[in-house]
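Let's take a look at one helix and the salt bridges around it.

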Amino acid sequence: MAASVKKGDLLGVSATFLRGFVAAPAFTADWPWCSPRTTRNVKALIVMEQTASKQCSMVQLVQQERADHEQLVGNANVFVSRAWDYDFMDDVHVLLEHADRHKDK
């Protein structure tokens, strides 16, 4: 994936990254600290927390810190518009279902 990434490309995370992200302890543990589990809260309480020290995007963080980043980040091929106050996992399920249906594309 990363071999075709050039400066100025629009980047995104892969379905593989998203599956790992939601399998992390923050998602599998009890969520009293992040209730309701909206996209807004996931951004504020997880993504911003993970990226704050480097002041970068999640894509940039993955590129910098993960040896397997070529499987996790690449050129974006889907535009996602989401509702910030809806359940984050609803978005995840739709994205992963779409990715599974379009594996060969």
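Predicted model: local features only at pLDDT ≥ 70, side-chain atom pairs only at ≥ 80, totals over all residues.

Residues are numbered from 1 along each chain as its sequence is written, and side-chain values use heavy atoms, with hydrogens and water left out.

Helix α6 covers residues 88–101 (helices are DSSP runs of H or I, at least four residues, numbered from the N terminus). F88, M89, V92 and L96 are buried in α6 (buried is under 20% relative accessible area, exposed over 50%, partly exposed in between, with a 1.4 Å probe and protein chains only). They sit on the same side of α6, because their arc around the axis is only 85° (taken from the directions from the helix axis to the C-beta atoms). V94 and R101, on the other side, are exposed.

Now for the salt bridges: the structure holds six (a side-chain nitrogen of Lys or Arg within 4 Å of a carboxyl oxygen of Asp or Glu). Here are some of them.

| Pair | N to O distance |
|---|---|
| R19 and D100 | 2.5 Å |
| R37 and D87 | 3.9 Å |
| R101 and E97 | 3.5 Å |

R19 in helix α1 and D100 in α6 are 81 residues apart, so this pair links distant parts of the chain. R101 and E97 are four residues apart in α6, which means about one helical turn between them.

Terms used: Helix = DSSP H or I, 4+ residues; strand = E, 2+ residues; numbered from the N terminus. Expected span 1.5 Å × (residues − 1).
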